[in-house]
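The paragraphs below go through a protein model step by step. They begin with the chain as a whole and then turn to charged side chains.

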Amino acid sequence: MGKKRSGAGLTGPQQAAKFLGVSVLAGVVLAGIAIPGAGALGLAAKGTVEGFDEIPANLKTPPLSQRTTILDAEGGLIATVYSRDRQVVPLTAISPYMQKAIVAIEDSRFYEHGAIDAKGILRAVNRNAQEGGAAQGASTLTQQYVKNVFVEEAGDDETKVREAQEKSLGRKVRELKYSIQVEEELGKKKILENYLNITYFGQQAYGIESAAQRYFSKPAKDLTLDESALLAGVVQSPSRFDPVNDAQEAMKRRNVVLQRMADMKDVSQAEADEAKKKPVTLKVTRPRNGCITAVKGAGFFCDYVRNTFLTDPVFGKTREERAKLWNQGGLTVRTTLDPQSQESVNESIKDHVNQDDKVATAVTLVQPGTGRVLAMGQSKPYGFGKNETQINFSVDKRMGGSNFGFPTGSTFKPFVAAAALEKGVPAGKTYASPHDMEYPSPVQTCGDKPWVNTSHDRVENESESERGPYGMQEAMAKSVNTYFVEMISENGLCPVTEMTTKLGVIPADGTKLPEVPAIALGTEGMSPLTMANAYATFANRGVYCTPVALESITDSHGKALAVPKSQCDRVMSEKTADTVNTLLLGVIDSGTGTAAGLTDRQNAGKTGTTDSRYNAWFVGYTPNMAGATWVGSGGAKQVSMENITIGGQYYDKVYGGGLPGPIWKQAVSGALDGREAPNFVTVGLGPDTGAPTGGGRPTNPAPNKPGKPGKPGGDNKPGGRPGGQTAGAAGGPTGGAGATGGATGGNTPTDPFPGGIIGGLED
């Protein structure tokens, strides 16, 4: 009995017979003839040879996955993301040395044979029979390209990748038939171009352009002879011949390629010998992928863009379809991010809150009238390290935000006021507003069953001195809790929940806003983007626009993809919005938000602080920019912001006007620096109050000029005036998510009572 060899366990003659069978098969395939069987050669494997004619002749080449580039509104780079780092280039953009090197070492008879190289197969049969193993392969470049197509199509599915690479006769037969089609349809030059763009060169580099950039930090067209030979040598075994990890082994392989090029007369022997003398000299550009690479502190905005793409049906019916398109890459995504605004947000955050503080802050800016998200930042950077996070505090859970969002405190009160004003309640409405009181009961809900205070829960104001009666303006300026509880109790819960729904004010976990009077005090968890965009509706005189982050997207061929547009709808009358603006100007002029007052333009806003000072907010706006600032506990453990050092500064108590207000002021001041300063349209608030002056500026200037339909007004920048009711591009409505404090001051999503939501002058 003949001695068996290791591996396949076949003797030399048996292996010779097998390889001879393959060569015969190759000849038959090349002739395009169906193979009835070849039992004598051991080739009658069921489902392979017999089914040759049943194999589809049309090889569907999947688009090659490439890197996607995310840009800001001015075309500046934010980040590069990819499933596979690849840049497809034409053959004319690839060094002739590289083209010759890959042909010489992988398929030297490439231009002489068809899809299958019969001589090469016989040569491999002879050598492998002599050595008793599979020492030499016989795949042509065309066959290798076809195999890579199958691997590319498999994507990240490990099972499919294994199937595409399995060493079986069945796969080889399919590969041969598809190779015939490819040779007929593409021709040699296109096959070579496709091969160089699809093949893997190690170090996460797919395709020759990315490989040239990875190892030498230069384009593929500039590769020299020795560099080309090095990269051509890597292809056979990217791990073994990796020049980064084993320069000596890579150099040996390079020199083999150089000699092969000399033997094939691609270069002279002298040229090859000269190149062999050169050391392996690399200039490595490390792979950087994903939103962690984002510049300008825009990692979370980058992540928001990605989630916008993955959740919007405009990019595919299912999330799987959208993910496939995103991972395929090759996209150029232009976003709404305004570089000036983003830089200002980053600076303000850095100046007020440190990365390693016990609490965090998040700031989001949007443009009224367009829904464009202009800036998004937070004090805990995007990442995986200490004091870093991948949770985007600015957005809802479904978009990568926290599980419940953050209770908003008194920043919710303007929504209660807007609902009452829309219902016809006069701006001069007065309520008794005692220091403390039991929640009035019953209160009408949207259904037939009213809310009843069965537990005799109570609400109180921050200060003992806060005792009514109060009118709406003073109650808003001082943030009087009992005033707004009386208001919501008298007018019912349904007008408030209907108003907040129209404003996109939905709890950050996507649940419904509960119909309980305590919502007037901001008990539910929201995201800064939700709050900023809702307040932008006041700035836009009652027209709500869904937030958008995408301006345009083009694919790898420069073809524009459809992007979702901002949907703008009137959700309250101009009079109601102007009245709320007048009320919130008063908060800045003489109320709890004076620390957020801008010096060069009118601004309005509202402070908010929650029980135990776990969260503090300022949400404010000018006619052309709205923003929300939150400071609080970003993790599972709630931190009470009393006797605490934040950003190197000691605070005995943190409240909305004391820290979030100044953060907001610095961020917005820088964002609007050098940009126009339009004024609000204000109204009188009734006989019992006087309208605020808005910082000395005229209170009744001309209304903002409307922009053209579908376009923002003014200069189309954050300083421009809000435009038409359908302005903007790309995006969808925000969601929101709620959780928050019970009577004991906890942060649970079940108890509707705040147990001490802070109001009053320290709000």
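The protein chain exposes about 30,700 Å², and carbon and sulfur atoms supply 50% of that area. Accessible areas come from the Shrake-Rupley method with a 1.4 Å probe, and for residues only the protein chains shown count as cover. This is a predicted model, in which local features need pLDDT of at least 70 and side-chain atom pairs count only at pLDDT 80 or more, while totals for chains, interfaces and linings use all residues. Residues are numbered from 1 along each chain as its sequence is written, and side-chain values use heavy atoms, with hydrogens and water left out.

Of the 763 residues in the protein chain, 56% count as buried. Buried means under 20% relative accessible area, exposed means over 50%, and partly exposed lies in between (1.4 Å probe, protein chains only). The protein chain has 21 helices and 20 strands; these are DSSP runs, numbered from the N terminus, with helices (H or I) of at least four residues and strands (E) of at least two. Among contacts (heavy atoms within 4.5 Å) with a separation of 6 or more, 71% are between residues 24 or more positions apart.

Side chains of opposite charge can pair when their charged atoms come close. How many salt bridges does the structure hold? There are 26 salt bridges, each being a side-chain nitrogen of Lys or Arg within 4 Å of a carboxyl oxygen of Asp or Glu.

One of them joins the side chains of arginine 458 and aspartate 436, at 2.7 Å from N to O. Arginine 458 belongs to strand S9 (residues 458-460) and aspartate 436 to strand S8 (residues 436-438), so the pair links parts of the chain that are 22 residues apart. Aspartate 436 is partly exposed, at 30% relative accessibility.

Another salt bridge pairs glutamate 462 with arginine 613, their closest N and O atoms being 3.5 Å apart. Because glutamate 462 lies in the loop between S9 and strand S10 (470-471), and arginine 613 in the loop between strand S16 (604-609) and strand S17 (615-622), the pair ties together parts that are 151 residues apart in sequence. Glutamate 462 is partly exposed, with a relative accessible area of 29%, whereas arginine 613 is buried, at 2%.

A further salt bridge, 3.5 Å from N to O, is formed by the side chains of arginine 601 and aspartate 600.
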